[in-house]
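Hi there,

Here is the structure I promised to pass on to you. Please open it and keep it beside this email as you read.

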Amino acid sequence: METVLKGVGRLYEVMKRLRAPGGCPWDREQTIETLKPCLLEETYELLEAMDSQDMALHVEELGDVLLQVVFQCVIREEEGLFTLDDVAEA
């Protein structure tokens with residue numbers, strides 16, 4: 001369990017750094033609206049991976065969807081609306 005939490009925690013911290021001043025310009029300019037097509041694309045890729053039975057691809061695509069979830073949580077946290085913990089608790 002602790003390993004899982006470390007992995008998600010690392011992902012969260014990376015996204016916070018990417019969105020921070022001096023972080024990645026592309027990540028910093030993203031909004032909930034601009035992330036909609038990204039989430040949709042990643043979801044379709046995940047569905048294809050699930051059908052393919054390629055476990056490495058399945059893991060990769062799950063990670064991409066998880067990144068989208070964390071990305072949105074960080075944006076909403078910046079706005080003072082909710083956190084990743086709120087989402088996990090829900």
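Predicted model: local features only at pLDDT ≥ 70, side-chain atom pairs only at ≥ 80, totals over all residues.

Below is what turned up, starting with a pair of helices and ending with a pair of rings.

Let's begin with the helices. Two packed helices are described by the angle between their axes and the distance between the axes. Here, helix H3 covers residues 32-52 and helix H4 covers residues 55-78. Their axes come within 8 Å and cross at roughly 160°. An angle over 145 degrees counts as roughly antiparallel, so that is how H3 and H4 lie to each other. The crossing of H3 past H4 is left-handed.

Which residues of H3 and H4 meet? On the H3 side they include Leu35, Leu39, Leu46 and Met50, and on the H4 side Leu62, Val65, Phe71 and Ile75 are among them. Sorted by class, this contact of H3 with H4 has twelve nonpolar, five polar and five charged residues.

Phe71 comes up again in the next part. The structure holds one aromatic pair, made by the rings of Trp26 and Phe71. The ring centres are 6.3 Å apart and the planes stand at 65°, so the pair is edge-to-face. Trp26 sits in helix H2 (residues 25-29) and Phe71 in helix H4, so to speak 45 residues apart, and the pair links distant parts of the chain.

Are these two residues buried or exposed? Phe71 counts as buried, at 2% relative accessibility, whereas Trp26 is partly exposed, with a relative accessible area of 43%.

Enjoy exploring, and write back with any questions!

Best wishes

How values were computed:
Residues numbered from 1 in each chain as written. Heavy atoms only, no water. Axes fitted to C-alpha atoms, helices over the stretch in contact; angles between N-to-C directions. Helix = DSSP H or I, 4+ residues; strand = E, 2+ residues; numbered from the N terminus. Parallel < 35°, antiparallel > 145°, perpendicular 65-115°, else oblique. Left-handed = near helix turned anticlockwise from the far one by under 90°. Contact = heavy atoms within 4.5 Å. Nonpolar A, V, L, I, M, F, W, Y, C, P; charged D, E, K, R; others polar. Phe/Tyr/Trp six-rings, centres within 6.5 Å; stacked < 30°, edge-to-face > 60°. Buried < 20%, exposed > 50% of the residue type's maximum accessible area, 1.4 Å probe, protein only.
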